Amino acid sequence: SGTLAINASAPFTISLNQNGPFTSSIVLPASNCVVNTTTIYVRFSPTSAGLVNGFAFNTSTPAIVNVALQGEGLPQAQGMGNIVVDSRFGSQQSVDNILGPGQRVFNVNAFNGLQAAIDAAQPNDRITLLSGEHFGNNVRVHKPVTIEGQGQSNTTIRSMTPVTNTFGMLNPADVFNGAFHHGLIIQSSNVTIRDLSIDGDETLPCNQRMGVGIVTDHRMGQDFNSLTIERVTVKHVLARGIQLFNAGEVHRIMNSTIEDVCSRNDANPEIVWRAAGIWVNDPAQITDNTIRQTGSGVIATGQFGAFAATSGIERNTIQEAEAFGLRIDPRDFNSATRRINLRGNTIQSVGRAGVIAFGLTGESLIDANTINIQTRPGRGPAVGLTLAHSVSTVVQNNTITAAAPAAGISQNV
C-alpha cells in the first residue's frame, strides 16, 4: 500500500480529469507497489511564444521516472477576433483548456456554435472560427460583422442535418420558397466572410446538399451594401455557390474557390445553366477566383454594371462549365449605363459559350480573355463569344480555341 506522487514542471500542469482541475502535482494510490493503469491529462499554458520543453516525474523512491513534455506557444490570442467559436467548447474549463486560462468567457465571447456567436456580437465584431469542423445551416448573419476562419483547408462549415431542398431552381428569387437549407444567409450590410470553407457534403444526394453556400436574404426588402467574400471555398452545393441577389452595392468576391454545383447535371437545360458558381445582380468586383464543375461560372444580371467603374469580372479561372463561362445580362434593369469589364479571365472546357453578353453600353470592355470551348455530346455547336443588343463595347485581344464540333467562334448581333 502507499501512494505515488506525480509532478509537472511549469508551464505544464496535470489532472486525472480532462476538464480539470489542473495542478502541478497529483497523487495516485498504490497497492503492493502497483499503480493501476491511469490516464493523466496535461495542460500547456505558455506565457510566451516558442518551443517549451518540460517533464512530468514521480518523486517516490527508489524508482524515479521522467516523462518528457513539449509544447509550442503560439501568439494565438492576438490573432483571434474578440469572439471565438469552437465546437469543443462546452464549459469554461474547456475554453481555458483550448485557449488558455482567462482568454475568453464561455457563452459571453466563446461559443460552440456560429449562430450563437452572431446573436451575441456587437456591430463590427470579429468572429473567429477555430480550426476544425463547425456545424450549422441557414446561419443568419444579421449584423455587420467579420466571420473568419483559420484558412480554407483548416476551418470548415458543414450542414448540421440533411434536408431535402424543394425551392425553385429557375429563378434566384425562389431560393427561400419551399424547403431550403443554405449555408450563410446574409441579412446585413458590411459583412465580411474570409478564410474558411463551406462544404455541402458530396456524399449526400444532390437535393439534400446545401442549396446555396452564401446567399443574401432578399425577403427582407432592403439593400445590403459592401459585402466582402475573400479566400472562401464553397463546394458540393445544389444550386449556386454564392448568390448576391437584390443585395445593394458594391460587393467584392475575390481569391475564392467554388467547386461542384451538382444541379449542373440536371436533365433540364434551363436548370443546368442557372447552376452558377456565382450569381450577382448588383454592382460587384469579382476577381481572382477559381470556379469549376458548374453550369455557369458567373452569371451577372440586373444592376451589375449600373454604376461607372464599379463592376468587373477579372482574372478568374473557370473550368468545366456545362453551359456558360460568363453570362452577362443586365437588360432587366432600366439604366442607360451598363459599364462592365470582362478582362483577363481563363475559361476552359465550357459547353455552350465562353462569354455571352447582352445589353452592354459604351466603355464596356471584353479584353484578354482566354476561352476554350468543348461542345458536349448531343448539343449544338458551342460558341466562343457572343455579344448581343450592345452598343460601343470594345472586344479585343481575346484568344478562342475549340474542340470540334464548334461553330460561331465569335459572334456579334
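A disulfide is a pair of cysteine sulfur atoms within 2.5 Å. Keep that in mind for the first two views of this predicted model.

**View 1. Cys206 and Cys262 are joined by a disulfide.** Search the whole structure and you'll find 1 disulfide. Here the sulfur atoms of Cys206 and Cys262 sit 1.9 Å apart, and the link is right-handed, with 90° about the S-S bond. The pair ties together parts that are 56 residues apart in sequence, because Cys206 lies in the loop between strands E15 (192–199) and E16 (212–216), while Cys262 lies in the loop between strand E20 (257–261) and helix H4 (269–274).

View 2. Cys206 is partly exposed, at 27% relative accessible area. Cys262, on the other hand, has a relative accessible area of 8%, so this cysteine counts as buried, the cut-off for that being under 20%.

**View 3. Asn281 sits in a loop between two strands.** Strand E21 (276–280) comes on one side of this loop and strand E22 (284–287) on the other.

**View 4. Asn281 and its surroundings.** Zoom in on the side chain of Asn281 and you'll see it reach the backbone nitrogen of Asn246, at 2.6 Å. Setting aside neighbours within four places in sequence, Asn281 is in contact with Leu244, Phe245 and Asn246, and also with Thr301, Gly302, Gln303 and Phe304.

Methods:
Residues are numbered from 1 along each chain as its sequence is written. This is a predicted model: local features need pLDDT of at least 70, side-chain atom pairs count only at pLDDT 80 or more; totals for chains, interfaces and linings use all residues. Side-chain values use heavy atoms; hydrogens and water are left out. Helices (H or I, at least four residues) and strands (E, at least two) are DSSP runs, numbered from the N terminus. A polar contact is a pair of N or O atoms within 3.5 Å; within protein, one must be able to donate a hydrogen and the other to accept it, and residues adjacent in sequence count only if both atoms are side-chain atoms. Contact means heavy atoms within 4.5 Å. Buried means under 20% relative accessible area, exposed over 50%, partly exposed in between (1.4 Å probe, protein chains only).
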